[in-house]
2 protein chains.
Amino acid sequence: MTNQIVLKSRPIGLPTSANFEIREVNVPELANGQVRLLPHTLSVDPYMRGRMNDGPSYVPPFQLGEPIMGGGVALVTESKAPGYPVGSYVMGFLPWQQEIVIDAKGLNSVDPAMAPLSYFIGILGMPGLTAYFGLKEIGKLQPGETIVISGAAGAVGIVAGQLAKIQGCRVIGITGDEKKKQYLLEELHFDGVINYKTTPNLDLEIATLAPSGVDVYFDNVGGEISDAVLSQINKNARIIICGQISLYNATTQPMGPRIQSLLLKKSALMQGFIVSNYASRFNEGLTELSKLLAVGHLKYTQTTVHGFERLPEALIALFEGKNLGKLIVEL
Amino acid sequence: MTNQIVLKSRPIGLPTSANFEIREVNVPELANGQVRLLPHTLSVDPYMRGRMNDGPSYVPPFQLGEPIMGGGVALVTESKAPGYPVGSYVMGFLPWQQEIVIDAKGLNSVDPAMAPLSYFIGILGMPGLTAYFGLKEIGKLQPGETIVISGAAGAVGIVAGQLAKIQGCRVIGITGDEKKKQYLLEELHFDGVINYKTTPNLDLEIATLAPSGVDVYFDNVGGEISDAVLSQINKNARIIICGQISLYNATTQPMGPRIQSLLLKKSALMQGFIVSNYASRFNEGLTELSKLLAVGHLKYTQTTVHGFERLPEALIALFEGKNLGKLIVEL
């Protein structure tokens, strides 16, 4: 028997612990091609909120009574799958469960000597690749351009900001916390950071920090913060729609200024994406990110929550902006 | 002395004839490099509404007391510019004036044997090139895809729809008039046309006519019509923001559903543009459009208003959707 965390009810607005339930389940014997796993680190990510709703999105919804699934790194404790020996580590989409039996197909082996294990669900996983491909394929940054990043101290934002600095750009971050602001300025050397919760005038502060206007906007949050950034875009601006975390818990259709006239006036491009669009090129991204990490050009930070039973609490904390960098749960 | 039409006051909302004034002005002697012109056909286009406002847009505003400027085709009646002989025709940006003295630099000679003169401010001018480059550079249509075109019976829409048909696409037009609908279906062979003013359910009618969803949306109008089309887009959709005529007369910031979450879910691209972005490639577009016209693969239609003094009335009529195809004023 082991514990799993299932979706008990669909949240209306911000999820609460009542939407989750821990239950005991049997763990079956291994069939051929399967492995038994002990999760080491499990990921909580903003996109998971979408899966808690019913109805189609870019990923199918979680089912009621079924375990929550997410990225994770785990130790192989028993194996009937060649290439996945006992004692090795794997990463993949895993159920929130303390002991897992799963098909090895779809898992990737990871090398604990290469980086801390949790990095494989962070800077060397989905969030890192999201920053890399969003910037490269949609942002198409040129040296000297100005980029604004919302959700700048999150898992994707800290990587995107550093990659933009490496490309010779002026990087302005938006965050909602003074400690995060100091981290982005002092540790990651952003050119400017705005605490949107304390600034008296967001529009004015963006204009001050981006005196030549905004060429690229890497949007992780949406809503009124984005309205302010968009008001300052330059001709031929590129707007990368990576996340809209400020709206994920909305219970009615969010309304705002219609932006098509602005895109028209500015010949601007706005594009949404999900990292799996670039799955065939993940190796390119991982090679580049690993190299930059190895030589110390990329820094990385995480907020760690300890304990399997705190997974729901950690996911909820994402929407309260409690994490600096990637939020992970160590078991 | 000649007559010119100047901007007398800036409109609030829909322009009225009171915003314009006819005044008499002197026409100077020719300096070197100049020509004297007798306008043959002058253009009224939706984008001109933006220039009637103060403040920056993608083209600078008209000045109060100064003549309205727009596309036009004219006869050269006197010339001190080599290459622009008396009796030849030119097209370019011209003031609304019955007799014009202007620098020849910036004018293009046109060949009246090649096409009716008015075509050079239509299908072989800005509107035709707008359709061509919007489709080619943003729409990136693939054979078999479904495209929806709003403002389908306008100067740009009729060209865009036919180009999409030539590329083997399913073409759905949206228009606001039964006569236009019949024209698009019977003369231009659109696969489906919706009269948004009479349909009981726009969303449902789009879904019925585009059963595989919408891959490309060529948007000339914006507003609630666009909301309905966007609700039906497919993954990797491209949304070409060419015009937003339904909003040009708005007196407050138009509000609507925030669309970033949709673009995110669908990995969709939305891009605004102005045809002059592609100025270096106009010859490519004109060659292609001329060829298709010559072999009869492109049809073209215009609505003609007669008389210089009716220019303001013609411009206002654009916003009332009174034109089938390009709206022109013959002097």
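Helix 2 of chain B is followed by B:K140, whose phi is positive, near 45°. This is a predicted model, in which local features need pLDDT of at least 70, side-chain atom pairs count only at pLDDT 80 or more, and totals for chains, interfaces and linings use all residues. Residues are numbered from 1 along each chain as its sequence is written, while chains are lettered from A and ligands numbered from 1 in the order in which they are written. Helices (H or I, at least four residues) and strands (E, at least two) are DSSP runs, numbered from the N terminus.

**Helix 2 in both chains**

- In chain B, 12 of the 14 residues of helix 2 are buried, so this helix is largely enclosed by the rest of the structure. A residue is called buried if 20 or more other C-beta atoms lie within 10 Å of its own, exposed if 12 or fewer, and partly exposed in between, with C-beta atoms placed from the backbone.
- The buried residues of helix 2 of chain B include B:M126, B:P127, B:I138 and B:G139.
- Helix 2 of chain A is mostly covered, with 12 of its 14 residues buried; among them are A:T130, A:A131 and A:Y132.
- Just after helix 2 of chain A comes A:K140, with a positive phi of about 45°.

**How helix 2 meets helix 8 in chain B**

- The axes of helix 2 (residues 126-139) and helix 8 (residues 282-294) of chain B come within 10 Å and cross at roughly 100°. Axes here are lines fitted to C-alpha atoms, for helices over the stretch in contact, and angles run from 0 to 180 degrees between N-to-C directions.
- From helix 2 of chain B, B:G128, B:L129, B:Y132 and B:F133 meet B:F282, B:G285, B:E288 and B:L289 of helix 8 of chain B. Two residues are in contact if their C-beta atoms, placed from the backbone, lie within 7 Å.
- Sorted by class, this contact of helix 2 with helix 8 in chain B has five nonpolar, two polar and one charged residues. Ala, Val, Leu, Ile, Met, Phe, Trp, Tyr, Cys and Pro count as nonpolar, Asp, Glu, Lys and Arg as charged, and the others, Gly among them, as polar.

**The nonpolar core**

- The largest nonpolar core has 202 residues, and those with the most contacts inside it are A:V148, A:Y217, B:V148 and B:Y217. Such a core is a set of buried Ala, Val, Leu, Ile, Met, Phe, Trp, Tyr and Cys residues joined through C-beta atoms within 7 Å.
- Leaving aside neighbours within four places in sequence, B:V148 is in contact with residues including B:I172, B:I174, B:V214 and B:Y217.

**The two copies and their contact**

- Chain B superposes on chain A by a rotation of 180° with 0.0 Å of shift along its axis (RMSD 0.0 Å). That is the relation of a two-fold axis. Copies are superposed by least squares on the C-alpha atoms of residues with pLDDT of at least 70 in both.
- The contact takes 29 residues from chain B and 29 residues from chain A.
- On the side of chain B that touches chain A, the elements giving two or more residues are strand 13 (255-257), helix 7 (260-265) and strand 14 (269-272) of chain B. Helix 7 of chain B gives the largest share, five residues.
- By class, that side of chain B has 13 nonpolar, 12 polar and four charged residues.

**Loop residues to look at**

- A:F120 lies in the loop between strand 7 (108-110) and helix 2 (126-139) of chain A. With 29 C-beta neighbours inside 10 Å, A:F120 counts as buried.
- Not counting residues up to four places away in sequence, A:F120 touches A:V73, A:M91, A:V110 and A:G125.
- A:S267 sits in the loop between helix 7 (260-266) and strand 14 (269-272) of chain A, and has a positive phi of about 45° although it is not a glycine.
- Most residues other than glycine have a negative phi.
- In chain B, B:S267 lies in the loop between helix 7 and strand 14, and its phi is near 45°.
- B:S267 counts as partly exposed, with 18 C-beta neighbours inside 10 Å.
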